[in-house]
2 protein chains.
Amino acid sequence: MRAVGLITEYNPFHNGHRYHIQQAKQLTQADVVIAMMSGNYVQRGEPAIFNKWQRAEIALNQGVDIVLELPFAYAVQPAHLFAYGAVKLLAAIGVADLVFGAEHADYDFGALARAAKTVTQDHEHFQSDYRQTFASQFNQLLVEQLGVDLTKPNDLLGFAYAQARVDLNLADQIQLHPIQRQQAQYHDVRLPFGGQIASATALRRQIEQGKGMTNVAQYVAPQMLALAKKGPEVHPFAGAWFDALRYQVLTSSVAQLETIYQLNDGLAPRLKKLVDYYQGASYEDFLAQFKSRRYTKARMQRLLLYTVLQVRPEQIQAVWQHPYLRLLGVTARGQQYLHERKKKLAIPLISRVTQEDVQGRLQLDYQVGKVYQHFARQALQQQFTQDTGRQPIIRDKKEK
Amino acid sequence: MRAVGLITEYNPFHNGHRYHIQQAKQLTQADVVIAMMSGNYVQRGEPAIFNKWQRAEIALNQGVDIVLELPFAYAVQPAHLFAYGAVKLLAAIGVADLVFGAEHADYDFGALARAAKTVTQDHEHFQSDYRQTFASQFNQLLVEQLGVDLTKPNDLLGFAYAQARVDLNLADQIQLHPIQRQQAQYHDVRLPFGGQIASATALRRQIEQGKGMTNVAQYVAPQMLALAKKGPEVHPFAGAWFDALRYQVLTSSVAQLETIYQLNDGLAPRLKKLVDYYQGASYEDFLAQFKSRRYTKARMQRLLLYTVLQVRPEQIQAVWQHPYLRLLGVTARGQQYLHERKKKLAIPLISRVTQEDVQGRLQLDYQVGKVYQHFARQALQQQFTQDTGRQPIIRDKKEK
């Protein structure tokens, strides 16, 4: 059986994602569609509007056969680490194709990534602080050297997938298929007039504001609409999360803050001071004060999220050293595929979380999942946590 | 000038406290009344219903000349440590008398404390775990040996003051004056019918429920009533504080929890497990599950408060090693007294908190004050924090 991989967040799932799945099947003629999906937190350093189980279930109903959770250690990271983790794990589960949306679907991303490698080898100074300055300076160099415009968000992600494929020596295993991004722009905050595709950002905003669900109807599947009508599972970072952040910083010494993942380079004392003198301005204002010219807003948000969740570097490194495939949901066809592959897996597949997992390889995902649940609307109604005591969702029937 | 000392919490200030001040003046003919008052947190391990500045101001209006803050390191402790800190600091400011309410005002507390010292010397096994078993076993022994009933809360506190006086060799400096406790019992939860004195517990409950302020009027001064009508400054521990506790424990490892003051003897893993499996029962239920036969409810509440506030043993010990007198408010007569004494003080008097204090001797009080403010109703309206940037309250006129 041939599998196609998708790298997703589904925050929330909308018609653009459905189109992505359909195109993936059509282009590759794959037997199964595998989505590598962010868990309860997304790449930009925010909690997802619905939890991973809610999002996995909808994905299974909309044409995905296997939903795997991209571990927090890869999911809440800059694009190159996000891409690296997702591609590595999709390769481990055996996908032959990777289909992704791009603003420039005509670019040969594989060739660009190979060329970029040569460029960076010729410009050694970039390798030293590669991870820090990737987004801006590195791409500027590529534009100069390769003559392509790599500034659009989906192009950049596609390029990051292609780079991961080069770094992981997967060029023979995985084919890249960029598809043209439809209508909505990634960062659009308002719903478009007409059409069927809106940006996830615009849909999130609509759902968070809790009104105008009739507007949302045309952009999402009925099951998603029903979920949206109940309201977000967690509030955006600005609410109780921001309260928790300030409380956490107030009770931490600078030395304790410096043990947080990536809260280095003088950021810990800066954060401590900002919180100590916080006078009740908005979260946006707080973030603007925390931000500096050296770092992007997304990076600063990730740092604040790491702080709220108390993520430590050794926890991130443990996942990188011992990665795993975490199964959230599967269709009958997906089960058949897993049955075929399971003896060939180089990375362990976790279907049901044990106490040993919680104290071992899954420790970080468990910890951040508990915090998500603590802040969730259904926090006290859910009998089970985000992790222990849950079986993967099994969807028997063919998708509608 | 002669000073009389009172050891207080004023949570909230009521007519019983006013009676206490009047009696103290009458009995001792002192020129000034000095209240050693708990800060934002009280002995039973709870945040005070009004902050220390609000409570100090009312005390100054009701006859106290100098309000000093009993540091957290002494205030939120079992009775013997609470008493030890309060008596030590009152002695340092030079009081000649200590007036306190007791259920048995006829007891000679000084003699009892001296006798108890002999008893404990004769029963060495009590000295080894003296601090753990003080409340029950130790007192049982005293009843047997000395034939007095020391089980009532105010008698016990008075006895603890007398013991501290013995331990600190202050018998020549400080006279003890037990006065008969009026009407209300310490733990009464309902307002009494008639009279002018109700228990602080009953008044707190009434204020927290935010209704029946006409019932409160007869038990408190008009200024206190006005404050009560605005509602409590912080909610009781069960609300947002309990949320914060659970969030804190979820993001802490057992090893991190074990660094909390007194969270030892297997209590850290027990707390972690309780929080991990928390299913939304009430705080009272949670506390009941956390409680064990070995420890009192107050002790368990203090442990949970230490956890929320992230209090560490080295912070407590630093205050014990380098104690200070923290001035919250003063009348003109109080100022005159301080002017007379200030060159003779063996322990430094802090009138205005500097950045050096915040990082030094006042670090713990500053930290816990910031957290109190974070949870306070006026959190975002207060221009200044509980500590830095504030001058002591100065009340020029004679009290009404």
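**Figure 1. Surroundings of Ile34(A) in the predicted model.** Ile34(A) touches Ala3(A), Val4(A), Gly5(A), Leu6(A), Ile66(A), Leu68(A), Leu90(A), Ile93(A), Val95(A) and Tyr337(A), leaving aside residues up to four places away in sequence; contact means heavy atoms within 4.5 Å. Ile34(A) belongs to strand β2 of chain A; helices (H or I, at least four residues) and strands (E, at least two) are DSSP runs, numbered from the N terminus. With a relative accessibility of 0%, Ile34(A) counts as buried; the term buried stands for under 20% relative accessible area, exposed for over 50% and partly exposed for values in between (1.4 Å probe, protein chains only). The C-alpha atoms of Ile34(A) and Gly63(A) are 9.6 Å apart, and the two residues are 29 residues apart in sequence. This is a predicted model, in which local features need pLDDT of at least 70 and side-chain atom pairs count only at pLDDT 80 or more, whereas totals for chains, interfaces and linings use all residues. Residues are numbered from 1 along each chain as its sequence is written, chains are lettered from A and ligands numbered from 1 in the order in which they are written, and side-chain values use heavy atoms, with hydrogens and water left out.

Figure 2. In strand β5 (residues 66–70) of chain A, 5 of the 5 residues are buried. In a regular strand the side chains alternate between the two faces of the sheet. On one side of β5(A) lie Ile66(A), Leu68(A) and Leu70(A), on the other Val67(A) and Glu69(A), and all are buried. Strand β2 (residues 32–38) of chain A runs parallel to β5(A) and is joined to it by 5 bridges; two strands pair if DSSP finds at least two bridges between them. Within this pairing, Ala35(A) stands opposite Val67(A). Strand β8 (residues 325–331) of chain A pairs with β5(A) in the antiparallel sense over 4 bridges, and Arg326(A) of β8(A) is the bridge partner of Glu69(A).

**Figure 3. Helix α2 of chain B and its ends.** Helix α2(B) is largely enclosed by the rest of the structure, because 9 of its 10 residues are buried. Among the buried residues are Trp53(B), Arg55(B), Ile58(B) and Leu60(B). The buried residues of α2(B) pack against β2 (32–38), β5 (66–70), α11 (222–229), β8 (325–331) and β10 of chain B. At the N-terminal end, Asn51(B) caps the helix, with a side-chain oxygen 2.8 Å from the backbone nitrogen of Trp53(B). Just after α2(B), Gly63(B) takes a positive phi of about 120°.

**Figure 4. Salt bridges within the chains.** The whole structure holds 18 salt bridges over all chains, a salt bridge being a side-chain nitrogen of Lys or Arg within 4 Å of a carboxyl oxygen of Asp or Glu. Lys297(A) forms one with Glu284(A), the closest N and O atoms being 3.6 Å apart. This pair links helix α16 of chain A, which holds Lys297(A), to helix α15 (residues 283–290), which holds Glu284(A), over 13 residues. Lys297(A) is partly exposed at 33%, and Glu284(A) is partly exposed at 45%. In chain B, Asp387(B) and Lys52(B) form a salt bridge with their closest N and O atoms 2.9 Å apart. Asp387(B) lies in the loop between α20 (363–375) and β10 (393–395) and Lys52(B) in helix α2 (residues 52–61), so the pair ties together parts of chain B that are 335 residues apart in sequence. Both Asp387(B) and Lys52(B) are buried. A further salt bridge joins Asp167(B) and Lys117(B) at 2.8 Å, N to O. Here helix α8 (residues 153–167) of chain B carries Asp167(B) and helix α5 (residues 109–122) carries Lys117(B), 50 residues apart. In chain A, salt bridges that share partners join Lys52(A), Glu69(A), Arg326(A) and Asp387(A) into one network.

**Figure 5. Interface of chain A and chain B.** In this interface, 28 residues of chain A are in contact with 28 residues of chain B. The two chains bury about 2,300 Å² between them, 48% of it on carbon and sulfur atoms; buried area is the accessible area (1.4 Å probe) that two parts lose on being put together, summed over both. Tyr247(A), Leu250(A) and His374(A) supply 29% of the area that chain A buries against chain B, more than any other three residues. The count of salt bridges between the chains is 0.

Definitions and conventions:
Polar contact = N/O pair within 3.5 Å; in protein donor to acceptor, adjacent residues only side chain to side chain.
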